[in-house]
Amino acid sequence: MSMKYIKQEMETQLESARDAVVDELSFINFLNVLSADWFAETELHAASPQSPYSAGALGWENGNIGAFLKASARWVENSRNGPQFYEIPTNPWRRVADIMFMGKIYE
């Protein structure tokens with residue numbers, strides 16, 4: 001399997017899981033998919049290290065829990081008033097899923 005295919009497949013799974021969040025059970029599923037995405041990223045990085053100045057193979061910008069949490073917090077602070085192209089969901093489970101998802105990619 002090519003790296004491009006793996007990245008596309010993982011991205012599709014993660015976004016689908018995030019989009020399906022409506023309650024605690026679907027949020028837990030999203031966390032499991034996000035976790036699998038992280039572990040796939042670390043395996044790919046171990047096999048073929050990426051530049052420390054770019055996103056990882058699966059798009060992870062934040063390579064440790066501290067950076068992930070900090071990016072999540074920064075994004076939520078910046079999105080409280082609904083940034084352009086983002087509508088704050090009315091469902092709190094989905095909002096938390098969005099916050100967790102953005103911890104992956106927000107710089």
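## Helices and the model

Helices here are DSSP runs of H or I with at least four residues, numbered from the N terminus. The structure is a predicted model. By that assignment, E41 belongs to helix α2, and R18 belongs to helix α1.

## The nonpolar core

The largest nonpolar core contains 20 residues. Within this core, L14, F30, L34 and L58 have the most contacts. Four helices, α1 (3–19), α2 (24–47), α3 and α4, each contribute at least two residues. Helix α2 provides the largest share, with six residues.

When neighbours within four places in sequence are set aside, L58 touches I6, K7, M10, D37, A40, E41, L44 and K104. Charged residues are therefore among the partners of L58, since Asp, Glu, Lys and Arg count as charged.

E41 has a relative accessibility of 6% and so counts as buried, the cut-off being under 20%. Beyond its neighbours within four places in sequence, E41 is in contact with G56, A57, L58, G59 and W60. One of these partners, G56, is 15 residues from E41 along the chain, and the two C-alpha atoms are 6.8 Å apart.

## Packing of α3 against α4

Helix α3 spans residues 65–79 and helix α4 spans residues 92–105. Their axes approach within 7 Å and cross at roughly 125 degrees. α3 is therefore oblique to α4. The crossing of α3 past α4 is right-handed.

On the α3 side, the contact is made by F68, A71, S72, W75, V76 and S79. On the α4 side, the residues are R95, D98, I99, M100, M102, G103 and K104. Sorted by class, this contact comprises seven nonpolar, three polar and three charged residues.

Technical notes:
Residues are numbered from 1 along each chain as its sequence is written. This is a predicted model: local features need pLDDT of at least 70, side-chain atom pairs count only at pLDDT 80 or more; totals for chains, interfaces and linings use all residues. Side-chain values use heavy atoms; hydrogens and water are left out. Axes are lines fitted to C-alpha atoms, for helices over the stretch in contact, and angles run from 0 to 180 degrees between N-to-C directions. Angles under 35 degrees count as roughly parallel, over 145 as roughly antiparallel, 65 to 115 as roughly perpendicular and the rest as oblique. A crossing is left-handed if the near helix is turned anticlockwise from the far one by less than a right angle, and right-handed if clockwise. Contact means heavy atoms within 4.5 Å. A nonpolar core is a set of buried Ala, Val, Leu, Ile, Met, Phe, Trp, Tyr and Cys residues joined through side-chain atoms within 4.5 Å. Buried means under 20% relative accessible area, exposed over 50%, partly exposed in between (1.4 Å probe, protein chains only).
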